[in-house]
Amino acid sequence: MPELPDVETFRRYLSATSLHKKIKAVNILSPEILEQISVPQLKEGLKGKYFETTLRHGKYLCVLLDSSKCLVMHFGMTGFLKYFMKAEKEPPHERLLISFTNRYHLAYDCQRKLGKITLVDDFNQFIQDKNLGPDALSSDLDFNTFKEAIIQRRASIKAVLMNQKVIAGVGNIYSDEILFQAQIHPKIPGEQLGDKQLRRLFLVLEKVLETAIDHQANPEKFPQSYITRHRGSKGKCPKCKRQLKKTKISGRTAYYCANCQKI
DNA sequence: CCTATAGCCTGACGGC
DNA sequence: TGCCGTCAGGCTATAG
(Lines give C-alpha, C1' and ligand atoms only; values in the text may rest on other atoms or scores of the structure.)
Protein backbone atom coordinates (compact mmCIF):
# COMPACT_ATOMS: atom_id res chain seq x y z
CA MET A 1 0.00 0.00 0.00
CA PRO A 2 2.09 2.74 1.34
CA GLU A 3 3.52 5.22 -1.11
CA LEU A 4 3.41 8.99 -0.65
CA PRO A 5 -0.39 9.40 -1.06
CA ASP A 6 -1.09 6.56 1.37
CA VAL A 7 1.31 7.89 3.97
CA GLU A 8 -0.13 11.38 3.57
CA THR A 9 -3.56 9.86 4.18
CA PHE A 10 -2.23 8.12 7.32
CA ARG A 11 -0.71 11.40 8.46
CA ARG A 12 -4.04 13.19 8.18
CA TYR A 13 -5.78 10.31 9.90
CA LEU A 14 -3.36 10.40 12.80
CA SER A 15 -3.69 14.19 13.05
CA ALA A 16 -7.47 13.94 13.10
CA THR A 17 -7.59 11.21 15.73
CA SER A 18 -4.57 11.08 17.98
CA LEU A 19 -3.17 14.53 18.77
CA HIS A 20 -3.11 16.09 22.26
CA LYS A 21 -4.10 12.90 24.08
CA LYS A 22 -2.06 11.50 26.91
CA ILE A 23 -0.33 8.22 26.14
CA LYS A 24 -1.16 5.79 28.90
CA ALA A 25 0.46 2.57 27.66
CA VAL A 26 2.67 1.28 24.87
CA ASN A 27 2.70 -2.31 23.69
CA ILE A 28 5.32 -3.51 21.26
CA LEU A 29 3.97 -6.75 19.85
CA SER A 30 6.76 -7.25 17.28
CA PRO A 31 10.09 -5.83 18.45
CA GLU A 32 11.66 -6.77 15.08
CA ILE A 33 10.18 -3.67 13.52
CA LEU A 34 12.10 -1.33 15.82
CA GLU A 35 15.12 0.32 14.29
CA GLN A 36 17.98 1.82 16.26
CA ILE A 37 15.99 1.68 19.48
CA SER A 38 15.18 -0.85 22.19
CA VAL A 39 11.75 -1.82 23.51
CA PRO A 40 12.27 -0.06 26.88
CA GLN A 41 13.65 3.05 25.19
CA LEU A 42 10.60 3.39 22.95
CA LYS A 43 8.20 2.75 25.83
CA GLU A 44 9.99 5.27 27.99
CA GLY A 45 10.02 7.79 25.15
CA LEU A 46 6.25 7.58 24.61
CA LYS A 47 4.66 6.91 27.97
CA GLY A 48 2.99 9.92 29.54
CA LYS A 49 3.70 12.04 26.44
CA TYR A 50 1.41 13.68 23.88
CA PHE A 51 1.51 13.74 20.09
CA GLU A 52 1.63 17.37 18.99
CA THR A 53 2.20 17.60 15.23
CA THR A 54 2.71 15.41 12.20
CA LEU A 55 5.14 15.69 9.31
CA ARG A 56 5.84 13.57 6.29
CA HIS A 57 8.80 13.14 3.98
CA GLY A 58 8.34 10.72 1.13
CA LYS A 59 7.05 7.48 2.63
CA TYR A 60 8.10 8.37 6.19
CA LEU A 61 5.66 9.71 8.75
CA CYS A 62 6.97 11.71 11.70
CA VAL A 63 4.94 12.40 14.81
CA LEU A 64 6.34 15.11 17.05
CA LEU A 65 5.91 14.64 20.78
CA ASP A 66 5.64 17.29 23.46
CA SER A 67 9.08 16.09 24.55
CA SER A 68 10.28 17.31 21.11
CA LYS A 69 11.26 13.74 20.25
CA CYS A 70 9.92 12.38 17.01
CA LEU A 71 8.25 9.03 16.39
CA VAL A 72 9.14 7.95 12.86
CA MET A 73 7.07 5.33 11.06
CA HIS A 74 7.63 3.56 7.78
CA PHE A 75 4.92 1.27 6.47
CA GLY A 76 6.75 -1.23 4.28
CA MET A 77 4.38 -2.94 1.85
CA THR A 78 1.48 -3.64 4.18
CA GLY A 79 1.46 -1.12 7.01
CA PHE A 80 -1.42 1.12 8.12
CA LEU A 81 -2.83 2.87 11.17
CA LYS A 82 -6.07 2.25 13.00
CA TYR A 83 -7.62 4.31 15.79
CA PHE A 84 -10.23 2.40 17.77
CA MET A 85 -11.75 1.80 21.16
CA LYS A 86 -13.52 -1.55 21.12
CA ALA A 87 -11.49 -4.75 20.98
CA GLU A 88 -13.51 -6.07 18.04
CA LYS A 89 -12.21 -3.17 15.93
CA GLU A 90 -8.63 -4.20 16.56
CA PRO A 91 -6.72 -4.85 13.33
CA PRO A 92 -5.26 -8.34 12.73
CA HIS A 93 -1.48 -7.78 12.65
CA GLU A 94 -0.71 -5.19 15.30
CA ARG A 95 2.99 -4.52 15.76
CA LEU A 96 2.75 -1.45 17.99
CA LEU A 97 -0.20 -0.44 20.11
CA ILE A 98 -0.45 2.97 21.73
CA SER A 99 -3.20 3.43 24.31
CA PHE A 100 -4.46 6.85 25.34
CA THR A 101 -6.07 7.87 28.60
CA ASN A 102 -9.39 8.39 26.76
CA ARG A 103 -9.58 4.58 26.32
CA TYR A 104 -8.87 4.77 22.60
CA HIS A 105 -5.92 3.02 20.96
CA LEU A 106 -3.77 3.74 17.95
CA ALA A 107 -2.51 0.57 16.29
CA TYR A 108 0.32 0.26 13.80
CA ASP A 109 -0.56 -2.82 11.76
CA CYS A 110 1.93 -4.40 9.37
CA GLN A 111 1.29 -7.91 8.18
CA ARG A 112 4.64 -8.53 6.50
CA LYS A 113 6.75 -6.67 9.04
CA LEU A 114 8.68 -4.85 6.35
CA GLY A 115 7.91 -1.54 8.01
CA LYS A 116 10.13 0.17 10.59
CA ILE A 117 9.57 2.35 13.63
CA THR A 118 12.04 4.48 15.51
CA LEU A 119 12.28 7.48 17.81
CA VAL A 120 14.68 10.29 16.92
CA ASP A 121 15.62 13.76 18.12
CA ASP A 122 15.62 15.41 14.73
CA PHE A 123 13.53 14.36 11.72
CA ASN A 124 15.60 16.41 9.29
CA GLN A 125 18.72 14.65 10.49
CA PHE A 126 16.96 11.32 10.02
CA ILE A 127 16.12 12.27 6.42
CA GLN A 128 19.73 13.22 5.80
CA ASP A 129 21.05 10.02 7.33
CA LYS A 130 18.75 8.01 5.08
CA ASN A 131 19.97 9.97 2.09
CA LEU A 132 16.44 10.71 0.96
CA GLY A 133 15.89 13.02 -1.97
CA PRO A 134 13.41 15.91 -1.86
CA ASP A 135 9.82 14.99 -1.12
CA ALA A 136 7.90 14.62 -4.36
CA LEU A 137 5.31 17.20 -3.30
CA SER A 138 7.50 19.68 -1.47
CA SER A 139 8.34 23.09 -2.84
CA ASP A 140 12.01 22.10 -2.62
CA LEU A 141 11.45 20.09 -5.74
CA ASP A 142 11.45 22.58 -8.57
CA PHE A 143 11.69 21.66 -12.23
CA ASN A 144 15.43 22.20 -12.51
CA THR A 145 16.23 20.05 -9.51
CA PHE A 146 13.97 17.37 -10.94
CA LYS A 147 15.50 17.56 -14.40
CA GLU A 148 19.09 17.47 -13.16
CA ALA A 149 18.35 14.48 -10.96
CA ILE A 150 16.74 12.51 -13.79
CA ILE A 151 19.00 13.18 -16.75
CA GLN A 152 22.15 11.96 -15.10
CA ARG A 153 20.74 8.46 -14.65
CA ARG A 154 21.15 5.58 -17.04
CA ALA A 155 18.57 3.45 -15.25
CA SER A 156 15.05 3.12 -16.65
CA ILE A 157 12.85 6.09 -15.83
CA LYS A 158 10.58 3.89 -13.73
CA ALA A 159 13.53 2.79 -11.59
CA VAL A 160 14.67 6.40 -11.29
CA LEU A 161 11.24 7.56 -10.11
CA MET A 162 11.18 4.78 -7.51
CA ASN A 163 14.66 5.62 -6.24
CA GLN A 164 14.09 7.35 -2.91
CA LYS A 165 17.48 9.03 -3.10
CA VAL A 166 16.40 10.86 -6.25
CA ILE A 167 12.83 11.79 -5.23
CA ALA A 168 11.15 10.60 -2.06
CA GLY A 169 7.65 9.16 -2.11
CA VAL A 170 7.04 7.40 -5.42
CA GLY A 171 6.81 3.59 -5.48
CA ASN A 172 5.69 0.87 -7.85
CA ILE A 173 2.04 1.79 -8.34
CA TYR A 174 2.44 5.54 -8.68
CA SER A 175 5.49 5.32 -10.93
CA ASP A 176 3.32 3.32 -13.34
CA GLU A 177 0.51 5.83 -13.05
CA ILE A 178 2.77 8.85 -13.55
CA LEU A 179 4.45 7.35 -16.60
CA PHE A 180 1.11 6.36 -18.08
CA GLN A 181 -0.33 9.85 -17.63
CA ALA A 182 2.84 11.40 -19.06
CA GLN A 183 2.75 8.86 -21.92
CA ILE A 184 6.33 7.79 -21.34
CA HIS A 185 7.58 4.22 -21.66
CA PRO A 186 8.77 2.90 -18.27
CA LYS A 187 11.99 1.42 -19.68
CA ILE A 188 13.41 4.57 -21.26
CA PRO A 189 16.64 5.55 -19.50
CA GLY A 190 16.36 8.80 -17.56
CA GLU A 191 19.23 10.35 -19.51
CA GLN A 192 17.33 9.92 -22.78
CA LEU A 193 14.37 12.07 -21.82
CA GLY A 194 14.08 15.40 -23.59
CA ASP A 195 13.03 18.69 -22.09
CA LYS A 196 9.48 18.30 -23.33
CA GLN A 197 9.01 14.87 -21.72
CA LEU A 198 10.65 16.05 -18.52
CA ARG A 199 8.32 19.00 -18.23
CA ARG A 200 5.32 16.80 -18.83
CA LEU A 201 6.61 14.27 -16.33
CA PHE A 202 7.16 16.91 -13.68
CA LEU A 203 3.66 18.33 -14.02
CA VAL A 204 2.05 14.90 -14.08
CA LEU A 205 4.03 13.72 -11.06
CA GLU A 206 2.48 16.35 -8.80
CA LYS A 207 -0.93 16.11 -10.40
CA VAL A 208 -1.18 12.33 -9.94
CA LEU A 209 0.00 12.38 -6.33
CA GLU A 210 -2.37 15.23 -5.43
CA THR A 211 -5.28 13.52 -7.13
CA ALA A 212 -4.53 10.31 -5.25
CA ILE A 213 -4.42 12.18 -1.94
CA ASP A 214 -7.73 13.86 -2.77
CA HIS A 215 -9.18 10.33 -3.00
CA GLN A 216 -7.55 9.07 0.21
CA ALA A 217 -5.18 6.95 -1.91
CA ASN A 218 -8.07 4.61 -2.61
CA PRO A 219 -7.69 3.37 -6.22
CA GLU A 220 -11.39 2.56 -6.45
CA LYS A 221 -12.09 6.27 -6.22
CA PHE A 222 -9.54 7.31 -8.85
CA PRO A 223 -10.70 8.56 -12.26
CA GLN A 224 -11.40 5.83 -14.83
CA SER A 225 -8.62 7.37 -16.93
CA TYR A 226 -6.09 6.11 -14.38
CA ILE A 227 -4.16 2.97 -15.26
CA THR A 228 -4.18 1.98 -11.59
CA ARG A 229 -7.90 1.27 -11.97
CA HIS A 230 -7.07 -1.31 -14.65
CA ARG A 231 -3.95 -2.82 -13.18
CA GLY A 232 -3.79 -6.59 -13.58
CA SER A 233 -3.04 -9.16 -16.24
CA LYS A 234 -6.45 -8.74 -17.92
CA GLY A 235 -6.41 -4.95 -17.74
CA LYS A 236 -7.08 -2.78 -20.77
CA CYS A 237 -5.72 0.69 -21.43
CA PRO A 238 -8.34 3.28 -20.42
CA LYS A 239 -7.27 5.45 -23.37
CA CYS A 240 -7.03 3.10 -26.34
CA LYS A 241 -8.56 -0.07 -24.85
CA ARG A 242 -5.67 -2.29 -25.91
CA GLN A 243 -4.40 -5.00 -23.61
CA LEU A 244 -1.89 -3.64 -21.06
CA LYS A 245 1.64 -5.00 -21.09
CA LYS A 246 3.27 -6.45 -18.01
CA THR A 247 7.00 -6.51 -17.44
CA LYS A 248 9.65 -6.54 -14.72
CA ILE A 249 11.61 -3.39 -13.98
CA SER A 250 14.02 -3.13 -11.11
CA GLY A 251 12.54 -6.29 -9.64
CA ARG A 252 9.01 -4.87 -9.62
CA THR A 253 6.00 -5.59 -11.79
CA ALA A 254 5.27 -2.76 -14.19
CA TYR A 255 2.08 -2.29 -16.20
CA TYR A 256 1.97 0.03 -19.19
CA CYS A 257 0.33 0.55 -22.55
CA ALA A 258 2.70 -0.16 -25.43
CA ASN A 259 0.48 1.90 -27.73
CA CYS A 260 0.16 5.04 -25.59
CA GLN A 261 3.60 5.03 -23.95
CA LYS A 262 5.96 4.89 -26.90
CA ILE A 263 8.70 7.20 -25.71
C1' DC B 1 29.95 6.49 -8.02
C1' DC B 2 26.05 3.71 -10.48
C1' DT B 3 22.73 -0.27 -11.48
C1' DA B 4 20.61 -4.70 -10.92
C1' DT B 5 19.53 -8.50 -7.98
C1' DA B 6 18.60 -11.52 -3.84
C1' DG B 7 16.74 -11.55 0.52
C1' DC B 8 13.87 -10.16 4.25
C1' DC B 9 8.57 -11.43 6.11
C1' DT B 10 3.77 -13.14 5.92
C1' DG B 11 -0.46 -14.43 3.71
C1' DA B 12 -3.52 -14.90 -0.40
C1' DC B 13 -4.23 -17.11 -4.56
C1' DG B 14 -4.17 -20.43 -8.42
C1' DG B 15 -2.89 -24.89 -10.30
C1' DC B 16 -2.11 -29.66 -9.60
C1' DT C 1 -9.13 -30.86 0.33
C1' DG C 2 -4.20 -30.15 0.69
C1' DC C 3 0.15 -28.85 -0.84
C1' DC C 4 3.26 -25.90 -3.43
C1' DG C 5 4.86 -22.28 -6.09
C1' DT C 6 4.25 -17.50 -7.06
C1' DC C 7 3.35 -13.02 -6.04
C1' DA C 8 2.74 -8.72 -3.36
C1' DG C 9 2.02 -0.56 -3.59
C1' DG C 10 9.39 -1.59 0.26
C1' DC C 11 14.12 -1.39 1.68
C1' DT C 12 18.85 -2.94 2.35
C1' DA C 13 23.14 -5.30 1.49
C1' DT C 14 25.79 -7.07 -2.02
C1' DA C 15 27.97 -7.99 -6.48
C1' DG C 16 29.25 -6.44 -10.97
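**Reading the packing and the sheet**

Modeller: Helix H6 (residues 172–182) packs with helix H7 (residues 195–214) at an angle of about 125°, their axes lying 9 Å apart. H6 is therefore oblique to H7; angles under 35 degrees count as roughly parallel, over 145 as roughly antiparallel, 65 to 115 as roughly perpendicular and the rest as oblique. Axes are lines fitted to C-alpha atoms, for helices over the stretch in contact, and angles run from 0 to 180 degrees between N-to-C directions. Helices (H or I, at least four residues) and strands (E, at least two) are DSSP runs, numbered from the N terminus. This is a predicted model, in which local features need pLDDT of at least 70 and side-chain atom pairs count only at pLDDT 80 or more, while totals for chains, interfaces and linings use all residues. Residues are numbered from 1 along each chain as its sequence is written, chains are lettered from A and ligands numbered from 1 in the order in which they are written, and side-chain values use heavy atoms, with hydrogens and water left out.

Biologist: In which hand does H6 pass H7, and which residues of H6 and H7 meet?

Modeller: A crossing is left-handed if the near helix is turned anticlockwise from the far one by less than a right angle, and right-handed if clockwise. Here the crossing of H6 and H7 is right-handed. Contact means heavy atoms within 4.5 Å. From H6, Tyr174, Glu177, Ile178, Leu179, Gln181 and Ala182 meet Arg200, Leu201, Val204, Leu205, Val208, Leu209 and Ala212 of H7.

Biologist: Is Val208 buried or exposed?

Modeller: Buried means under 20% relative accessible area, exposed over 50%, partly exposed in between (1.4 Å probe, protein chains only). Val208, which lies in helix H7, has a relative accessible area of 1% and is therefore buried. Beyond neighbours within four places in sequence, Val208 contacts Tyr174, Glu177, Ile178, Gln181 and Tyr226.

Biologist: Let us turn to the strands. What is the order of the strands in the open sheet?

Modeller: Strands of a sheet pair through backbone hydrogen bonds, either parallel or antiparallel. Two strands pair if DSSP finds at least two bridges between them. In this model, the open sheet has 4 strands in the order E1-E6-E7-E5, paired antiparallel. E1 and strand E5 (79–84) are the edge strands, each pairing on one side only. From one strand to the next, the twist averages 15°.

Biologist: How many bridges join the paired strands?

Modeller: Strand E1 (residues 23–28) is joined to E6 by 5 bridges, with Ile23 partnered by Phe100 of E6. Another 5 bridges pair E6 with strand E7 (residues 105–110), where Asp109 of E7 is the partner of Glu94. E5 and E7 are joined by 6 bridges, and Gly79 has Cys110 in E7 as its bridge partner. Helix H1 (residues 4–18) packs on the sheet, touching E5, E6 and E7, and its direction makes about 20° with that of E5. Helix H2 (residues 39–46) also packs on the sheet, touching E1 and E6, with its direction at about 160° to that of E1.

Biologist: What lies between E6 and E7?

Modeller: E6 and E7 form a hairpin with 4 residues between them, and Arg103 in the turn has a positive phi of about 75°.

Biologist: How many residues of strand E6 are buried?

Modeller: In strand E6 (residues 94–100), 7 of the 7 residues are buried, so the strand is largely enclosed by the rest of the structure. One of them is Phe100, with a relative accessible area of 0%. Setting aside neighbours within four places in sequence, the contacts of Phe100 include Ile23, Phe51, Tyr83 and Leu106.
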